Amino acid sequence: MTRFTTSYLEESTARFRDYKKLAEGAMAQVTDEQLFAALDPEANSIAIIVKHMAGNMRSRWTDFLTTDGEKPDRHRDTEFEDAPATREALMALWQAGWDCVFGALEPLSDADLGRSVTIRGEAHSVVQAISRQIAHYAYHVGQIVLLAKHYRQSQWRSLSIPRRR
């Protein structure tokens, strides 16, 4: 049965899950060395992008409705330094970040969508704040996929519809 309307919360949660799965599919294809490699001194490795995303997720989604989304204990610049030492540690950080996202979204109801939340001292509706994070995570997941595809080259397994199929 086709549904012509979907709750914004259901749709947003589904998009977050899709982006999480897409990034995980890309990361699963790269070696540990590739996961931690940067293309040049100014580029971020997949691991650094993941560390940044996890830091953002923890900050934005912890106490989502009641505290500023930029937590005072977040040190954003350090998210771009010193990735976790192992794939396992990195993936634990990744999962902890997503646990914050889904832990904040799941109890929300449509009645919460018009509420106001604060990010960096600026008021946003809940819809605006969620939309902002969907866009942010899509941007970084795209980076992860692009890097993984670059590293795997002809061994890359498409995460969507393969070319010419």
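This is a predicted model: local features need pLDDT of at least 70, side-chain atom pairs count only at pLDDT 80 or more; totals for chains, interfaces and linings use all residues.
Now back up into α5 itself. It covers residues 126-152, so 27 residues, and at 1.5 Å a residue the helix should span 39 Å.

Next, the core. Which residues touch the most other members of the largest nonpolar core? They are F16, I46, W61 and I130, out of 38 residues in that core. Who supplies it? You get at least two residues from each of α1 (8-29), α3 (46-61), α4 (87-105), β1 (116-119) and α5. And α5 gives the largest share, with 11 residues. As background, nonpolar side chains tend to be buried together in soluble globular proteins.

Let's pick I130 and look around. Skipping its neighbours within four places in sequence, I130 is in contact with Y8, L9, S12 and F16, and also with W61, F64, L105 and L108.

On to how the helices pack. Take α3 and α4: their axes come within 8 Å and cross at roughly 30°. Anything under 35 degrees counts as roughly parallel, so that's what we call α3 and α4. The crossing of this pair is left-handed. On the α3 side, the contact is made by A47, V50, K51, M53, A54, M57, R58 and W61, while α4 brings in residues including L90, L93, W94, G97 and W98.

What about α1 and α4? Here the axes come within 11 Å and cross at roughly 175°. That makes α1 roughly antiparallel to α4, because the cut-off for that label is over 145. If you want to find this one on screen, look for T13, F16, R17, K20, A23, E24, M27 and A28 in α1. They meet R87, M91, W94, Q95, W98, V101, F102 and L105 in α4.

Last stop, L93, which is in helix α4. So is L93 buried, exposed or partly exposed? With 32% relative accessibility, L93 counts as partly exposed. Leaving out residues up to four places away in sequence, L93 touches K51, A54 and P84. And have a look at G55 too: L93 and G55 are 38 residues apart along the chain, yet their C-alpha atoms are separated by 8.6 Å.

That's my tour, thanks.

Technical notes
Residues are numbered from 1 along each chain as its sequence is written. Side-chain values use heavy atoms; hydrogens and water are left out. Helices (H or I, at least four residues) and strands (E, at least two) are DSSP runs, numbered from the N terminus. The expected span of a helix is 1.5 Å times one less than its number of residues. A nonpolar core is a set of buried Ala, Val, Leu, Ile, Met, Phe, Trp, Tyr and Cys residues joined through side-chain atoms within 4.5 Å. Buried means under 20% relative accessible area, exposed over 50%, partly exposed in between (1.4 Å probe, protein chains only). Contact means heavy atoms within 4.5 Å. Axes are lines fitted to C-alpha atoms, for helices over the stretch in contact, and angles run from 0 to 180 degrees between N-to-C directions. Angles under 35 degrees count as roughly parallel, over 145 as roughly antiparallel, 65 to 115 as roughly perpendicular and the rest as oblique. A crossing is left-handed if the near helix is turned anticlockwise from the far one by less than a right angle, and right-handed if clockwise.
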